[in-house]
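Me: I would like to learn how to read a structure like this one, step by step. Could you take me through it slowly?

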Amino acid sequence: MTQRVEMTLRLKILLLLLVIAVAALGYYALRLKRQAERLPTGVMDTRPIAPPISGPTERVTLYVANDSDGMLHRQDAIIAVPGDPNERARQLLRALLSIYLGKRSPHPLGSGADVKYVFLVKPNMAIVDTNAAFADTHRSGILVEQLTVASIARTLAANFPGTIRVKILVEGKERETLAGHADLSDFYDTAAGDQFPVAQ
Amino acid sequence: MKSCRHAVAIVVAIVALVATAADDQRFSIYTPHTSYSVTLVDRDGRQYVPLFEVLAPLGSTAAHQDGDKWKLKFNNTESEFKSGKNKAKVNRKNIDLSAPFVIDNGRALVPLRSLVSVLARLVPDSLEQREPAHRLFIGGVITELKTEFQSAGPKLVLRFSAPVNPSISTEPGRLRMVFTREPVIAAAGTQAFDDKTIRAASFSEHDGIAELTINSGAPLLATFGEQNRTITIAPVPQVRAQAPPPAATTPPVPAPAPTPEAASPSAPQGRAPATHVRATVVIDPGHGGDDRGAALSGSLAEKDVTLAWARRLRAALEQKGIPASLLREGDTSLSFDQRAALTNAARPLAFITLHAGTTGAGVRIYTAHLGETAPRAGSFLPWDAAQASFLDSSRALAGSVAAEMTKRSIPVGTAPVLLRPLNNVAASAVAIEVMPLAGNVASLMDATYQQSICAAIADGIAGVSKPAPQPGAGAAR
Ligand SMILES: [Zn+2]
């Protein structure tokens with residue numbers, strides 16, 4: 001009789017320990033899951049958009065917007081050269097955006113801003129499809145918005161000779177303005193006589 | 001197809017504007033420096049005034065909402081209002097409002113009947129509210145009207161103590177003169193003249209305007225003189241070949257144009273054309289209504305800043321004798337198409353769209369960035385490239401304004417931009433983006449800062465807006 005009672009007591013203690021272990025493990029698993037959930041976006045925000053360079057590379061010219069003087073500045077960069085020209089154009093713009101998303105950005109963009117696709121349309125057009133973060137987090141103002149548009153258009157035109165008219169879409173759709181000002185319903189003509197100022 | 005859509009948009013715009021003009025209750029405020037009007041709001045059968053819009057043109061104004069409290073900084077004073085409460089603390093003193101204070105979508109509304117008692121605590125100048133005309137005179141500013149009938153002619157000479165620029169419309173048997181921005185006052189009532197052509201003149205004040213109506217037995221003509229201090233009303237000469245005499249200071253416009261003022265209830269569409277039209281500078285306060293523009297700070301929306309600057313610029317231009325009008329007088333939503341349509345209908349000397357930003361310092365001046373593929377001056381201009389044949393004069397205007405900034409050591413830059421409605425405007429057109437002083441966003445609402453830059457802009461506009469000779473109409477000058 002007494003032994004059976006002792007057995008159940010030991011069993012109860014064991015059971016209690018087991019419950020505690022399960023709860024602790026469950027909590028640990030939950031924490032891991034939450035951490036994992038937080039991790040990808042965090043990585044996406046801080047990671048430079050330009051891919052690690054492997055394989056053939058190429059020197060390109062970027063027209064980098066600078067808020068402090070309100071001008072574009074020519075700057076060289078090395079990018080990977082994928083075979084597909086559309087993908088090459090996208091990597092070119094991602095190299096530009098990585099400067100804007102970097103720590104000492106001369107023209108900060110909202111985190112997560114990205115170029116989804118670039119379509120080079122013959123004979124002289126380029127369509128740039130950006131993601132929602134690119135436009136939704138963009139600062140509002142004539143100068144800041146126009147700097148972004150002009151820098152994208154001029155960078156494409158500089159590296160894809162023949163590209164003259166550039167249009168920016170957001171998530172595949174036409175937008176009236178980027179953030180209240182720069183007109184996205186129209187093409188940006190990089191061959192127009194009067195161009196956004198470039199620092200000499 | 002695209003132009004068809006635009007046509008519909010314009011028709012809708014005009015109908016909408018006429019409709020709002022009829023419904024809106026305008027309250028006009030006149031000061032020695034500027035005049036403006038705000039739209040009254042009806043709450044529980046009582047009339048309310050948006051306090052921020054009233055104060056912004058009068059001085060440095062900042063406000064923020066904290067729950068049901070609305071805290072206001074005006075010049076060096078601090079005030080606090082509470083939603084639903086009749087008591088408010090205005091510049092350290094408790095005052096009783098005639099009805100509860102209201103916060104509506106972030107807009108602070110005070111009862112119209114208490115406006116003067118609130119303003120008296122904030123503004124050092126004298127205040128005179130003329131009710132029920134919805135007109136408030138600050139600092140003793142008044143333009144007196146004296147009428148003088150001369151039976152020889154006959155003619156009616158209107159003498160004003162300060163220059164005026166009323167909108168004038170005619171209809172059979174009547175000439176109607178509406179003063180929206182001038183603090184014109186006169187003895188109310190009707191003066192009858194013993195004449196068959198000019199029969200009577202009656203003056204009235206209502207809904208934030210002053211109005212002079214002249215009853216006549218023949219078509220009348222209004223002629224401006226003495227730098228817009230006198231207006232002579234006389235029957236139209238029987239010989240119809242001659243053009244009406246031009247204004248003393250500005251060129252005549254070849255065809256009558258409707259007034260571009262969205263908020264103006266005067267000169268409704270479809271009336272007989274105005275007998276006297278003067279080319280103006282159309283000022284577009286960027287954004288408005290649902291479109292708040294950039295959030296310049298937690299409490300400061302770009303749409304309010306642009307309106308304050310637009311009023312300041314209008315005053316600066318008028319001081320130089322250049323008539324100017326605003327596309328919106330209050331917190332109105334206007335599409336880009338509406339802005340362009342109203343501007344083009346006014347055939348202005350120049351179009352200025354005002355914006356405020358926070359990048360850098362000073363002033364940025366923009367012209368339309370039009371592709372080379374856009375058609376140049378030609379027989380037919382598509383809507384999207386209406387600006388093409390005016391681009392050279394727009395660049396000259398931008399250059400002239402920039403030069404004035406440089407003269408005053410104000411940082412300035414110019415650039416071509418893709419910005420609507422610049423490309424749709426058939427006139428010299430520039431966008432001006434003002435940046436805060438020394439990075440302090442609140443400076444955008446500082447009266448001194450606004451005035452110094454607006455004076456420079458006005459000088460820049462005056463530098464290029466010398467009247468171009470109008471074919472066939474210039475001989476009279
Ligand atoms: Zn703006």
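This is a predicted model: local features need pLDDT of at least 70, side-chain atom pairs count only at pLDDT 80 or more; totals for chains, interfaces and linings use all residues.

Me: How many residues of chain B are in contact with chain A, and how many salt bridges does the rule find across the interface?

Reply: There are 27 residues of chain B in contact with 28 residues of chain A, and the rule finds one salt bridge across their interface. The side chains of B:Arg395 and A:Asp194 meet in a salt bridge, at 3.1 Å from N to O.

Me: Which residues touch the most other members of the largest nonpolar core?

Reply: In soluble globular proteins, nonpolar side chains tend to be buried together. Here the largest nonpolar core has 74 residues, of which B:Trp70, B:Phe81 and B:Ile432 touch the most other members. Helix α4 (residues 302-319) of chain B contributes the most to this core, with eight residues, and at least three residues come from each of domain 1 (4-138) and domain 3 (281-464) of chain B.

Me: Is helix α4 (residues 142-159) of chain A mostly covered or mostly uncovered?

Reply: This helix of chain A is mostly covered, with 17 of its 18 residues buried. At 1.5 Å a residue its 18 residues should span 26 Å, which agrees with its end C-alpha atoms being 26 Å apart.

Methods: Residues are numbered from 1 along each chain as its sequence is written. Chains are lettered from A and ligands numbered from 1 in the order in which they are written. Side-chain values use heavy atoms; hydrogens and water are left out. A nonpolar core is a set of buried Ala, Val, Leu, Ile, Met, Phe, Trp, Tyr and Cys residues joined through side-chain atoms within 4.5 Å. Buried means under 20% relative accessible area, exposed over 50%, partly exposed in between (1.4 Å probe, protein chains only). Helices (H or I, at least four residues) and strands (E, at least two) are DSSP runs, numbered from the N terminus. Domain bounds come from an automatic or database domain assignment. The expected span of a helix is 1.5 Å times one less than its number of residues. Contact means heavy atoms within 4.5 Å. A salt bridge is a side-chain nitrogen of Lys or Arg within 4 Å of a carboxyl oxygen of Asp or Glu.
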